[in-house]
Amino acid sequence: MFSKSVSISHFTATCLMGSVLMSSPALADRFEATSTVTAATLYPQGAMVTRELRLTVPQGAHEIALADIPLDAQSAMIRDSLQIAVDGARIGPVRYGTATLGEAALYQSDEAQAAKAALDALRDELRIKEREIAAIRLEASAAEDSLAYLGRLTAGEGATSEALAATARMIREESLAARLAAQDATMRAQEAEQELDALREDIRQAEVDLSRIVPSHAERLALTLPVTVDAAGEVHVSMTYMTPNASWQPLYTARLDTEAETLSLTRSVLASQQTGEVWADVDLTFATDNPTRRSFPSELYENIRRVYEPRPVEPVMRSEAMSLDMANAPVPKMEPAQVAMQTNLSGLSQTYHFPTPARLYSGDDAVEFALSTLDLTPEITVRAVPLYEDVGYLMASFTNDSGEMLVPGPVRLLRDGMSLGEAGMETLVDGAEAELAFGAMDGIQLDRVVLTRNEGDRGVISKSSEHETEWRITVTNLTARDWLVEILDRVSVSEQEDLKIDWTASPMPDVEDVDDKRGVLAWHVDLADGESQEIVLSESLRWPEGKFLQ
């Protein structure tokens, strides 16, 4: 990893020695300092982290020792990208090493000390409760011992009837007392055990709370910064570096109000980090560029083609033919392996800044940060596809008039307060149009019935080179309100001159070749509550004799 290893105890000893020599300005003082994360720019993969520290030092040459940047298996990225800026002093050559944090360094913050004290108190309480339960169990065991002893008692030989009766009464009374004592002790132990279950859950939660605060990676990057100050004052050190252990992704929540005919789109960010330390009160920025992507374009090589004299074809077995084909195939010119592109958000050059300082724990589930809400004016329709569906689907189309690009991401769908799961949204530039589907409309009922299908000599037409079909579509509105319904269906399309296709519809569609899909037809109908719309389509296909329709 790094060439030099430095321990925290060495830092402390050196710092104490420096404090003894403070009276001699000619000798360098060594200060052990701690930096904190103040800002982070998160990318879809990785993050640029900024750490800062401020330290008041006297005039002269000094050394500032730091050991608080977490290291892991990918620590080379941290060192390679590390940049250090010093304000208020001149900086000399920086020395690098590694350091392992001791318990004192791990629990140096007030928050960490309080969390550890809370956990220790709960563990002490658990030990006390376990001892109390053990004592209660001993009471039950003692009662069982008494019962065993009473079971062996006798009145002795020659005992009178009065003595026998007195012994029997004593055994009965003492046995009852012992059984009641055992029952009481068992019940008290069971109740105490139930309390222990709750206490153990509190301890588990306290351990989780402590792990969120205390760094999980004990190994740290150790830095020694030689600085020279012309006059006593504050030195400001700022460090930035890349870490692969953080990421973000966009998330949208679309809320459609069908009564008010409004659509709001809330933009959020799901952020997470696994650096092993808490980011407390950090200035967060989310950037769409991806610095981990390949930075250079692919190389293009010449494409050399060859022709060959035909060779006589001799009958060979299939396996032999395959071997000959492989042997005679020209050897292609090898090109460098290409890195496969991955779908990501890079290249959009867009950033989002969270307006207030935020806290992000290491290893937690992703935290959602809401950015803003766009109020949109949607066009609400019900889309009917009777070829495949028997109900309609509610659609909301809108224009991105936010003035900025909306990056691709999942969209949580809410229709009139009801959750409908998730959909996906592609990149949407400013001014672009998009639509979202908001679930099935059971009250919009669809029916598609084939009326006639004549194929060859099985129908009215006797020729085997013709095919005619007629079908009827019925759309019924039973939703107790009016809707604009878009009805989609299709007719056959030919790409051959020999295949002739004619079709007709009543009523005729108002849009043909919807979204440049040939043969796809659309009818837009204002359908009042309780009303139905019928559409009848027919098509005729003709082709030469001796050919088959596919």
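These are my notebook entries on one predicted model.

**Ground rules**

I number residues from 1 along each chain as its sequence is written, and my side-chain values use heavy atoms, leaving out hydrogens and water. Since I'm working with a predicted model, local features need pLDDT of at least 70 and side-chain atom pairs count only at pLDDT 80 or more, while totals for chains, interfaces and linings use all residues.

**Whole chain**

I looked up the make-up of the chain and found six helices and 26 strands. Helices here are DSSP runs of H or I with at least four residues, strands are runs of E with at least two, and both are numbered from the N terminus. Of the 550 residues, 37% are buried (under 20% relative accessible area with a 1.4 Å probe, protein chains only; over 50% is exposed, and in between is partly exposed). The accessible surface is about 32300 Å², and carbon and sulfur atoms hold 51% of that (Shrake-Rupley method, 1.4 Å probe; for residues, only the protein chains shown count as cover). I also checked contacts (heavy atoms within 4.5 Å): among those between residues at least 6 apart in sequence, 77% join residues at least 24 apart.

**The five-stranded sheet**

Which strands make up the open sheet, and in what order? I read β15-β11-β10-β18-β19, with mixed pairing (two strands pair if DSSP finds at least two bridges between them). β15 (367–376) and β19 (418–425) are the edge strands; each has a single partner, so one side of each is left without a neighbour in the sheet. On average, neighbouring strands here are turned by 25 degrees against each other, direction ignored. For that angle, axes are lines fitted to C-alpha atoms (for helices over the stretch in contact), and angles run from 0 to 180 degrees between N-to-C directions.

I then followed β18 (residues 409–415), which pairs with β19 in the antiparallel sense over six bridges. Proline 410 has glycine 424 in β19 as its bridge partner.

**Aromatic rings**

I counted four aromatic pairs (rings of Phe, Tyr and Trp, the last by its six-membered ring, with centres within 6.5 Å; planes under 30 degrees apart are stacked, over 60 edge-to-face, the rest tilted). Tryptophan 248 and tyrosine 352 are edge-to-face, at 6.1 Å centre to centre and 75 degrees between the planes. Tryptophan 248 sits in β10 (residues 246–257) and tyrosine 352 in β13 (residues 351–353), so the pair ties together parts 104 residues apart in sequence. Tryptophan 248 is buried at 4%, and tyrosine 352 is buried at 9%.

Phenylalanine 354 and phenylalanine 369 have ring centres 4.9 Å apart and planes at 70 degrees, so that pair is edge-to-face. Phenylalanine 354 is in the loop between β13 and β14 (358–360), and phenylalanine 369 is in β15, 15 residues apart. I noted both as buried, phenylalanine 354 at 12% and phenylalanine 369 at 6%. Trp248, Phe286, Tyr352, Phe354 and Phe369 form one aromatic cluster.

**Glutamate 277**

Is glutamate 277 buried or exposed? It's buried, at 10% relative accessible area, and lies in the loop between β11 (262–273) and β12 (279–287). Its side chain makes a 2.6 Å polar contact with that of arginine 51 (N or O atoms within 3.5 Å; within protein, one must be able to donate a hydrogen and the other to accept it, and residues adjacent in sequence count only if both atoms are side-chain atoms). Leaving out residues up to four places away in sequence, glutamate 277 touches several residues, including Val37, Asp68 and Tyr241.

**Around β26**

Strand β21 (residues 466–477) runs antiparallel to β26 (residues 532–542), joined by eleven bridges. Glutamate 468 stands opposite serine 540 in β26. β23 (residues 500–506) is also antiparallel to β26, over seven bridges, and lysine 500 has arginine 542 as its bridge partner.
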